[in-house]
Amino acid sequence: MSTAGPSRIAGSAPDLARAALRTKFGRVRSTTERLMAPLGAEDFRAQPIEEVSPPYWNLGHTSWFFATNLLRRFDRMPEGFDRLDFALNSYYEGLGPRLERGRRGRVAAPSTELVRRYRRAVDDATRQWIAECPEQHLEDTARLVTIGCEHEQQHQELFCTEILYIRWSAPEGLRRGYLPPRDDAPADEPNAADAQRGPLGAVSFEAADTTLGYQGRAITDGGFHWDNEAPAHRAVVGDYRLGDRLVTNREWLAFMADGGYRDPLLWLSNGWDEVRREGLEAPLYWQRDGGGGYTRFSLRGDAPVDPDAPVSHVCFYEADAFCRWLSEQGAAWRGARLPREVEWEHAARLQGFYRDDANLLQDDPGASALDVEVADATGEGLRQLQGTLWEWTMSHYEPYPGYRAFDGALMEYNGKFMDNQRVLRGGSFATPRSQCRVAYRNFWPQATRFQASGLRVCADR
């Protein structure tokens, strides 16, 4: 991401630039607090697995990010909190030693109250610096505040997926949802309209030269992208078809009933090792209900699996195996596979990527679905493209040609993880609405299941 540009952000007067920064900073920090509001004291300290950080740590780490990258740089660091650096650093080797990720929930300090005091001090110091920083530092301040806010929004999404795992990990009989069930939650049995939903359709795309990567405004003009989304570059796609919606629980149940989790010929070698090692036999958060069916745990508690909702919390290996199984079910999806990220982005640009009414996280979490939603049965083109669930692609997470990492310590943000991970696209119900964009690249190791991930199938034509 280039930091070059005019001395005034987006050509605005300094006071307008400061006001915009204050608004963005305040909105993001307030959203995090609203997300944490339903938690009990015990929730803040729990870490059931290494990959799931306790909420107190998210509160502290997102504050540490502003303190380290902005306030310390301009000598505005609040006094008395330097000793928190070790506990709240995540993976920034260049910024000093840190608490191991798996120990974040195994320590009594820093206390949740100390972290909250730290957060308030960082908020006050950041607002004061935005108001008082000399004009020659305003552009750099805007860049760092913007990155800090975008970083915190990523942790808002992480929080939603982590608190789901934390609440699910409670002992039998003590499990409870993060939020009450929705008034419009699906009934125990699908209605006739649901049962008559047609088979998975396809939208065809012709071979073409295309452009892959972020093509919007630079941060100095009010836009934003992560360094791994750039530079935009020429790419080529062949003739292919994409599923017109996400794969559903009904289709996944058929895969399970046909022995999908028991047939090694459907799985990559590492995937089959994962099946045997972890005893996989259904998506994460599914549990047999005693009557031959399944319930599913979500942020709103246990409910019967809705056959027409998209299948969620499956890993790359499961998604890849499903595609192989689907390929054997008939001519309609012969050669089924996961899409390459260039195919996904090319299709999304042609079809249109509209996030305004998509199933995404809003600034007021109480107004968000915070769960999967059934595709519109009468929709045309590609549905559920924005939000609902991240979609696995077959693409390895690699740098684009000409990739340049962020400057300074922030170079560790994305580039160092371009190894043994797969790309996901599209956003989920936990992705903040303002972050969802067509070029956004998410990435996780192939075995990751606790994230809000599903799949859309693809095939060559």
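This is a predicted model: local features need pLDDT of at least 70, side-chain atom pairs count only at pLDDT 80 or more; totals for chains, interfaces and linings use all residues.
User: Hi! Which side chain does R73 meet in a salt bridge?
Analyst: R73 pairs with D140, at 2.6 Å from N to O. A salt bridge here is a side-chain nitrogen of Lys or Arg within 4 Å of a carboxyl oxygen of Asp or Glu. Residues are numbered from 1 along each chain as its sequence is written, and side-chain values use heavy atoms, with hydrogens and water left out.

User: Where do R73 and D140 lie?
Analyst: R73 is in the loop between α2 and α3, while D140 belongs to helix α5 (residues 138–168), so their bridge ties together parts that are 67 residues apart in sequence. Helices (H or I, at least four residues) and strands (E, at least two) are DSSP runs, numbered from the N terminus.

User: Why can side chains pair like that at all?
Analyst: Side chains of opposite charge can pair when their charged atoms come close.

User: How many salt bridges are there in the whole structure?
Analyst: The search finds 37. One of them joins D244 to R383, with the closest N and O atoms 2.9 Å apart. D244 sits in the loop between β4 (240–243) and α7 (249–257), and R383 in the loop between α10 (341–351) and β8 (390–396), so this pair links parts that are 139 residues apart in sequence.

User: Are D244 and R383 buried or exposed?
Analyst: D244 is buried, at 13% relative accessibility, and R383 is buried with a relative accessible area of 13%. Buried means under 20% relative accessible area, exposed means over 50%, and partly exposed is in between (1.4 Å probe, protein chains only). R73, from your opening question, counts as partly exposed at 48%.

User: New topic: what about the nonpolar core? Which residues have the most contacts inside the largest one?
Analyst: Those are W252, F255 and L455, in a core of 104 residues. A nonpolar core is a set of buried Ala, Val, Leu, Ile, Met, Phe, Trp, Tyr and Cys residues joined through side-chain atoms within 4.5 Å. Helix α5 gives the most to this core, with 12 residues. Apart from it lies another core, of 20 residues, among them A348, F353, L360 and L385.

User: And what does W252 touch?
Analyst: Leaving out residues up to four places away in sequence, its contacts (heavy atoms within 4.5 Å) include V247, Y261, P283, V311 and L455.

User: Now S453. Where is it found, and is it buried or exposed?
Analyst: S453 is in strand β11 (residues 453–454), and it is buried at 1% relative accessibility. The side chain of S453 reaches the backbone oxygen of V314 at 2.9 Å. Among the residues S453 touches are also W390, W392 and L424.

User: Last one: which strands does β9 pair with?
Analyst: β9 pairs with β8 in the antiparallel sense over 3 bridges, and another 3 bridges join β9 to β10 (residues 442–444), also antiparallel. Two strands pair if DSSP finds at least two bridges between them. W392 stands opposite L424 in β9, and R422 stands opposite W444 in β10. Both faces of β9 (residues 422–425) are covered, with R422 and L424 buried on one side and V423 and R425 buried on the other.

Note on methods: A polar contact is a pair of N or O atoms within 3.5 Å; within protein, one must be able to donate a hydrogen and the other to accept it, and residues adjacent in sequence count only if both atoms are side-chain atoms.
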